[in-house]
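Please consider the model shown below together with its sequence. The paragraphs that follow lead from the pairing of its strands to the packing of a helix and then to the charged side chains.

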Amino acid sequence: MKRAEDIIIQPYITEKSNFLMSQGKYTFVVDKKATKIDVKKAVEELFGVKVLKVNIINCKGKKKRVGVHQGYTAAWKKSIVQIALNPGEESYLQKGGKKAAVDKKYKTEIEIFGTAQ
């Protein structure tokens, strides 16, 4: 299993991703072999947030030309991660049907993007 630092390569910041931050959705460039589960675990570990949903997009390389030489840019993978804006406490049932609650402190935004507008 890869480390979280190897899965999340960098944040992907565009006008659209800045707009989506207000809805709790953050965009990252991720490893090409990463799955949705890998991305979810990596974001929760690195940033201390509760991930609700992960969408992954494979971006193919574009055709480029320099003089007579033709080629493609590198293909990459993009991930849109939705986090909980107001996470509550988690509860589960113990043996005997007794309800227990775990009060984890989750963050409500990711700091590397700055403040969401």
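Strands β1 and β2 run antiparallel and are joined by three bridges; two strands count as paired if DSSP finds at least two bridges between them. Helices (H or I, at least four residues) and strands (E, at least two) are DSSP runs, numbered from the N terminus. The model is predicted, and local features need pLDDT of at least 70, side-chain atom pairs count only at pLDDT 80 or more, and totals for chains, interfaces and linings use all residues. Residues are numbered from 1 along each chain as its sequence is written, and side-chain values use heavy atoms, with hydrogens and water left out.

With a relative accessibility of 52%, I9 counts as exposed; the classes are buried for under 20% relative accessible area, exposed for over 50%, and partly exposed in between (1.4 Å probe, protein chains only). I9 and V29 are 20 residues apart in sequence, yet their C-alpha atoms are 5.5 Å apart in space. Leaving aside residues up to four places away in sequence, I9 touches V29, V30 and D31, where contact means heavy atoms within 4.5 Å.

Not counting residues up to four places away in sequence, S79 touches Y26, T27, F28, V30, V39, V54, N55 and I56.

The helix itself can be examined next. At 1.5 Å a residue, the twelve residues of α3 should span 16 Å, and the end C-alpha atoms are 16 Å apart, which agrees; the expected span is 1.5 Å times one less than the number of residues. Which residues of α3 are buried? They are V39, A42, V43 and F47. These residues cover an arc of only 100 degrees around the axis, which puts them on the same side of α3; the arc is that of the directions from the helix axis to the C-beta atoms. An α-helix has 3.6 residues a turn, so residues three or four places apart point the same way. On the other side of α3, I37 and E45 are exposed. The cover over the buried residues of α3 includes α1, β1, β2, β3 and β6. Just after α3, G48 takes a positive phi of about 70 degrees.

A separate pairing involves strand β4 (residues 63-66) and strand β5 (residues 69-72), which pair in the antiparallel sense over four bridges. K63 has Y72 in β5 as its bridge partner. The hairpin of β4 and β5 has two residues between the strands, and in it G67 takes a positive phi near 65 degrees.

Charged side chains complete the picture. A search of the whole structure finds two salt bridges, each defined as a side-chain nitrogen of Lys or Arg within 4 Å of a carboxyl oxygen of Asp or Glu. One of them joins the side chains of D31 and K2, at 2.7 Å from N to O. D31 lies in the loop between β2 (25-30) and α3 (36-47) and K2 in the segment before α1 (4-7), so the pair ties together parts that are 29 residues apart in sequence. D31 counts as buried at 17% relative accessibility, whereas K2, at 44%, counts as partly exposed. R3 forms a salt bridge with E5, with the closest N and O atoms 3.3 Å apart. R3 counts as exposed at 51% relative accessibility, and E5 is partly exposed, with a relative accessible area of 42%.
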